[in-house]
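Have a look at the chains first, then try each task before you read its solution.

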Amino acid sequence: MSNEVKLLRFLAQDMTQAELGKRVGLTRQTIAAIEQGRYSPSLDVAFRIAHVFGKGIDDVFHWQPGGDDRSAD
Amino acid sequence: MSSLEKRALLALWSMCPVYCVYFVIQIGLPYLQPTMLERIGCLAVVASIHAMAYVVGLLVIKRHEAGEPLLEDERDRAIDGRATRTAYFVMLTGLIVVGMVMPFNNNGWKLVNSALLFIVLAETVRYALILIGYRSPRLAH
């Protein structure tokens, strides 16, 4: 799963990772992990991130079939 | 570095060296013929050093985290949950070995030290998996 979080932060007056994290209830480290593609957030958090930027969820997150996502469970 | 990652690293650093020394001493102790009081004293010293190192480290971490708005989120809980599930099976194995198998052939301090060894092993596995979880390439919620 890829995402546009870093680009959208830049377009939102260079919003910091800490600021975005505070608004969606995540730590700065998790926002960094999402941007680097090391962590796929829950649906709830994905919606909240999209809401902060005033976008739809599929404008922020992109899923490609056959990706190497694996569940934590 | 996230809060949970710092605590896991602290727990490993405060626990592993002192208990390694303790178990090495325990291997050598039978040759020294220690009394019960000396054995209890040895365990008390090791547990105290572990506790002191952990508490001091925790205070330092808490001081550095004083201004942080959020210390834990869903990613931390997912990593912690996965590590704890694996460590649970180590603990379960220890319980079977120490509580159901060893009592037929062993007693006293051998049981105590084996139980302690499995507790330390389970904790080590948990904290090591937490550290690995933060460095794994991908983790989906």
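A:D14 is exposed, with a relative accessible area of 52% (exposed means over 50%, buried under 20% and partly exposed in between, with a 1.4 Å probe and protein chains only). Before going on, note that this is a predicted model, where local features need pLDDT of at least 70, side-chain atom pairs count only at pLDDT 80 or more, and totals for chains, interfaces and linings use all residues. Residues are numbered from 1 along each chain as its sequence is written, chains are lettered from A and ligands numbered from 1 in the order in which they are written, and side-chain values use heavy atoms, with hydrogens and water left out.

**Exercise 1.** Find where A:D14 and A:Q13 sit, and look up their phi angles.

*Step 1.* A:D14 lies in the loop between α1 and α2 of chain A, and A:Q13 belongs to the loop between α1 and α2 as well. Helices here are DSSP runs of H or I with at least four residues, strands are runs of E with at least two, and both are numbered from the N terminus.

*Step 2.* A:D14 isn't a glycine, yet its phi is positive, about 55°. For A:Q13, also not a glycine, phi is positive at about 50°.

*Step 3.* A:Q13 has 75% relative accessibility, so it counts as exposed.

**Exercise 2.** Work out whether A:R9 is buried or exposed, and what its side chain reaches.

*Step 1.* Start with the place: A:R9 is in helix α1 of chain A, residues 5-11.

*Step 2.* Its relative accessibility is 10%, so A:R9 is buried.

*Step 3.* The side chain of A:R9 gets to the backbone oxygen of A:M15 at 2.7 Å.

*Step 4.* Skip the neighbours within four places in sequence, and A:R9 has contacts that include A:D14, A:L20, A:E35 and A:F53. Contact means heavy atoms within 4.5 Å.

**Exercise 3.** Over to chain B: describe how B:Q26 is placed and what it touches.

*Step 1.* B:Q26 is part of helix α1 of chain B, residues 3-32, and at 10% relative accessibility it counts as buried.

*Step 2.* Not counting residues up to four places away in sequence, B:Q26 touches B:R39, B:C42 and B:N113.

*Step 3.* With B:R39 there is a side-chain polar contact of 3.4 Å. Such a contact is a pair of N or O atoms within 3.5 Å; within protein, one must be able to donate a hydrogen and the other to accept it, and residues adjacent in sequence count only if both atoms are side-chain atoms.

**Exercise 4.** How do α2(B) and α4(B) run relative to each other?

*Step 1.* Take the axes, which are lines fitted to C-alpha atoms, for helices over the stretch in contact, with angles from 0 to 180 degrees between N-to-C directions. Those of α2 (residues 36-64) and α4 (residues 109-135) of chain B come within 13 Å and cross at roughly 5°.

*Step 2.* α2(B) and α4(B) are therefore roughly parallel (under 35 degrees; over 145 is roughly antiparallel, 65 to 115 roughly perpendicular and the rest oblique).

*Step 3.* Now find who meets whom: B:M36, B:R39, B:I40 and B:L43 of α2(B) meet B:W109, B:N113 and B:L116 of α4(B).
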